[in-house]
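Let's take a guided walk through this model together. Please keep the viewer open as you read, and turn to each place as it comes up.

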Amino acid sequence: MAPGYYTPALMKPAPFDYHQARSVSEAVAHLGEYGYEAKVLAGGQSLVPAMNFRLARPAVLVDINPLDELDYLDEDGDTLRIGAMVRHVTFEQPVTKGPTGRLLAMAAHHVGHLPIRIRGTFGGSLAHADPAAEWCVIALLLDAELSTRSLSGGRDIPAAGFFQTVFTTALEPEELLVEARLPKLSQHTRVGFQQFSRRAGDFALTMAAVALESDDGRVGNARIALGGVSDRPLRAPEAEQALEGQVATEESFRAAAEIAALEIDAIGDIHGSADYRRDLVRALTRRALEQAIAA
Amino acid sequence: MIPWIGQPLPRFEDPPLLTGEGRFVADLTGDASFLRFVRSPVAHGRIVSIEAHEGITAFTGADLREVRPIRPLLHRPDFHPIEQPVLASGKVRFVGEAVAVVVAGTPEEAEDAAEQVFVDIEPEDRVISAPDALRPGAPAVHDHLEGNVVVDARFETERVDEVFAGAAAVVEFDLRSRRQNALPLEARGSVASYDPRSGRTTLTASVQSPHVVRTVLADLLGMPESDLRVVVPDVGGAFGQKFCLAPEDVVTAWVARRLRTTVSWVEDRRENLMSSFHSRDHHYRVRGAFDADARLLAVDADLLCNIGAYSCYPVTCGVEPLMALAEFPGPYDFGAYRVRSRGVTTNTCPMAPYRGVSRPVITLAMERLMDLAAVRFGIEPAEIRRRNLVSEFPYTSATGLVYDEGSYVESLDRAVEVIGLEDFRERQLSARSEGRYLGVGFSVFSERTGYGTSAFAARSMDVTPGYETVDLAMDPSGNVEARLGASPHGQGLETTLAQLIGDELGVAPARVRIVHGDTDRTPYGWGTFASRSLVIAGGAARLASGRLAAKLAGIAAAELEAAPEDIVIRAGRATVAGTDAGIEVAELARLAYHSSHRLAAGMDPGLTATATYDPDGTFSNACHAAMVEVDPETGGVRVDRFVVVEDAGRLINPMIVDGQLHGGVTQGIAGALYEEIRYDEEGNILTTSLMDFLPPTLAEVPTFEVHHLETISEATITGAKGLGEGGTIGAPAAVINAVADALRPFGVEITEMPATPSRLRRLVSESERIPA
């Protein structure tokens, strides 16, 4: 058996070839070779179930779990650098002082169940791009920048342009997501995170993440990101704009939440209609704002 | 611990299960080849061709032509039989119906091979919901069956219209219960092994009634029953889904015989959600007439049950509509009753009984009726129930069912006391002023259990279940073996029957081995379903032990030179009452086999006894009370507290009773708030994973508070009543009533379960649009 190559054992998914990458460059080489036929296996918490249902049928899996070089957290001035292989559970305790670490911890507790958090990865979640994934919403809220590597080099993609539609990102088939860079929130930023799911640990029907400043009782730098409502995570720019300079009151929050509910392009599924999603946006956005200001 | 009856003895079943020593079908495949079923992706259509890729071993309906179709029967004029081929032949009638089967060396290869079978189906118009199936011109699911109605039963007492015309108040509402899957942790499966030496085939299967499965297999395959053995190993939950015949089990047995080998079928979760039995897809229209004192005078109900594409064997698809018709009145005393109950076939997965069968829905209907009337009359829900509950026994219901002694009012009063209703109403009011919505809901119900042949015969079933037999033997060492036709699979019967037998024979339960789940080792019986086994198999065990005890007493009397009626058997010893003279039971056992020359003239050697018990049935009863908080902005419901006041007669093992209630109530909460099988308009099933079909987890259910009343009736010889289904029957109504109570300020009417967040939110938002 060639090193790094594993004879496919019998298993529930449709047959596939498996490569265990020993370095980022080796992973990138595999992706360059197989392109669309390949899928990257990180934590596997979404990919493997999809393969077991035979909904996902990649011909080749490139396993990047051995890549310790992608398992890091670095603070680089005002930027938090997160290696793609950092597991969700890492964020349950704040990884950085201040609101950014607090917000990540708030969101982390909503990611699946503990076994999922132990295995699943930050980068895997972004690359999978489930519209109801917490990290996608956080990345959008914080205007994260996402770095890729490929045989032809690499590039940086802003979160706003990264998430395209359900399970679809700006990543090219030969690109590997290697790092997310989160510009840290100012120390006096207040944050809130609210979500509603059918059961504990389920993907949220809707979630709202907010960040705002209100040093003098007036709102500044308001940000609102929403998940689970559309085919991708969304910002609510009109609602953010409406909050700007407003006194932080129940009324102004209510008004902003109303704007958010109306401005988003909501999608329904078997767990709730588009109208219901809008109702959730209205409630959760207001609650997240209240949570932020109360903290 | 004497008597053993009433002791919370730890279950004998648990140590192996908890230490990984349990053996389920998938543990017993040995060197079997594996089957994988190729299933229809089309809801309704004509099969044009089925072609397997070269080198794949596949069988289709054409290969199984010799196998008779499943044809469950009721002998009544309002029932129209429909047939199901074990593999679709000619037509497919639901998405997920098995159209072919492949054989391969491993389950994984079989799954790969199944993808290499190409099925060409010409789609036809399909019909998915019961109301649609009734519309004129609706597609016929079965060609010969006009209007898609399989059973159309009516019942009417005298004076119904007259009573409605004279009523002080008429309460009228629609109710819909969405489709569920019983969701056993272990899905279905079997191993079939052909033995060329004996010519026999052994089916090791995860089922609830091994003898019935053997009979129907022999019937369908056209072979002597003696050439078949059915074995049931550990079963990881069944809840009714494994009571009715799985067509796949027939195919598995057929392939084993055809290939003269061992083959196995182990269903995966997606198949289970798509193709195993569903339940409780009902539409009701209910009217109730009340007098000025809020006394219920009459009920008029139109009940529609979607039975799916085929009828289930042996109980038939009449099981839901006919139970709903007969048991709809529940615990309430009223005389005038009119009902029409229909079972309608559609292009969806077939129905089978699921824990509680129709009763979770009919209980919800009666309990909504009570709550709606209470609001109309401006009285407490508890008060209107008190005025209407049955309180004198025996009570004969409008449909002629006879209720033995129960504690309907007492269970309600106890529940009211336990939850502190008055305090709750105060808390509810003050919470409302803070924008929080709390609610309490009650559910009082009767649970018909332990019913034998007479009850099933009243349904005119072609296959009429009912009795149970126990073969009992004490071996020369004084240990006891009881062989049952019942087939426990989680109910703890190995423990409770040992307690019953132990008391009767004066031996410790640990010395009583219960043998079940093997047609070669057990007397013919009907298996375990319908909250019957402790009552019926327990009654048979009691009778058989009584006979065996009489023989022991006879032997002891001869040895001790006393009269048999003076012998007392207790704690392993037979003594002459009022004296110290005695002899060990074990010594008597040895004597019965090894010194039979000392037995009285005419007495046979050995210690065996057989008894059959076949009671008419007994009604247990309970009151459930749920306390919830509803978030009107999200529609989310949290169940804060759940109280059960249960009366199941004499408790043989209270711990097992509590366990039954915990599991049952959880499944009831599942039905009330979470679980729902969904189809799209094309008949594609949308809920084929546990991300979409949502059983509640520990995080979604509260700690249960169980209280017991023990009303002993003459209806059973042990004093025990069944309660296996009660948790599931009562909980939905308690939860839905609590949600309705919480949302009362919004003036909304809950007409559907599960009451999902999106449905509740829609109700609230619609009410918000109407200016108060």
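**A walk through the two chains**

Y284(B) is buried, with a relative accessible area of 3%, where buried means under 20% relative accessible area, exposed over 50% and partly exposed in between, using a 1.4 Å probe and protein chains only. Before we look around this residue, some ground rules: residues are numbered from 1 along each chain as its sequence is written, while chains are lettered from A and ligands numbered from 1 in the order in which they are written. This is a predicted model, in which local features need pLDDT of at least 70, side-chain atom pairs count only at pLDDT 80 or more, and totals for chains, interfaces and linings use all residues; side-chain values use heavy atoms, with hydrogens and water left out.

Which kind of pair do the rings of Y284(B) and F328(B) form? Rings of Phe, Tyr and Trp (its six-membered ring) pair if their centres lie within 6.5 Å; planes under 30 degrees apart count as stacked, over 60 as edge-to-face and the rest as tilted. The count by this rule is 23 aromatic pairs over all chains. For Y284(B) and F328(B), the ring centres are 6.2 Å apart and the planes stand at 65 degrees, so this pair is edge-to-face. It links distant parts of the chain, 44 residues apart: Y284(B) belongs to strand 15 (residues 282–290) of chain B, and F328(B) to the loop between helix 8 (319–327) and strand 17 (336–345) of chain B. Helices (H or I, at least four residues) and strands (E, at least two) are DSSP runs, numbered from the N terminus. F328(B) is buried as well, at 1% relative accessibility. Both residues are part of one aromatic cluster, formed by F155(B), Y284(B), F328(B), F334(B) and Y337(B).

The charged end of R287(B) sits over the ring of F164(B), 4.0 Å from the ring centre; the rule asks for NZ of Lys or CZ of Arg within 6 Å of the ring centre and within 35 degrees of the ring normal. R448(B) lies over the face of Y451(B), with 4.9 Å to the ring centre.

Now to the backbone. Most residues other than glycine have a negative phi, and most peptide bonds are trans. R280(B), though not a glycine, has a positive phi near 60 degrees. You can find R280(B) in the loop between strand 14 (278–279) and strand 15 of chain B, and at 1% relative accessibility this residue counts as buried. In chain A, D143(A) has a positive phi near 55 degrees. D143(A) lies in the loop between helix 6 (134–141) and strand 7 (145–150) of chain A and is partly exposed, at 44% relative accessibility.

Two cis peptide bonds are also worth a visit. One joins F393(B) and P394(B), with omega about -10 degrees; P394(B) is in the loop between helix 10 (381–388) and strand 18 (395–396) of chain B. Another runs from M753(B) to P754(B), with omega near 5 degrees, and P754(B) has its place in the loop between strand 31 (752–753) and helix 19 (757–769) of chain B.

How far apart are the end C-alpha atoms of helix 15 of chain B? The expected span of a helix is 1.5 Å times one less than its number of residues. The 28 residues of this helix (residues 533–560) should therefore span 40 Å, and the end C-alpha atoms are 38 Å apart, which agrees. Just after helix 15, E561(B) takes a positive phi of about 55 degrees.

Let's step back to the domains, whose bounds come from an automatic or database domain assignment. Chain B is assigned domain 1 (28–124 + 185–275), domain 2 (278–453 + 616–769) and domain 3 (457–613). The centres of domains 1 and 3 of chain B, taken over C-alpha atoms, are 38 Å apart. In contact (heavy atoms within 4.5 Å) are 22 residues of domain 1 and 19 residues of domain 3 of chain B.

Finally, where the chains meet, 35 residues from chain B and 24 residues from chain A take part in the contact. The area buried between chain B and chain A is about 2,400 Å², with carbon and sulfur atoms giving 54%; buried area is the accessible area (1.4 Å probe) that two parts lose on being put together, summed over both. E108(B), E633(B) and T634(B) supply 21% of the area that chain B buries against chain A, more than any other three residues.
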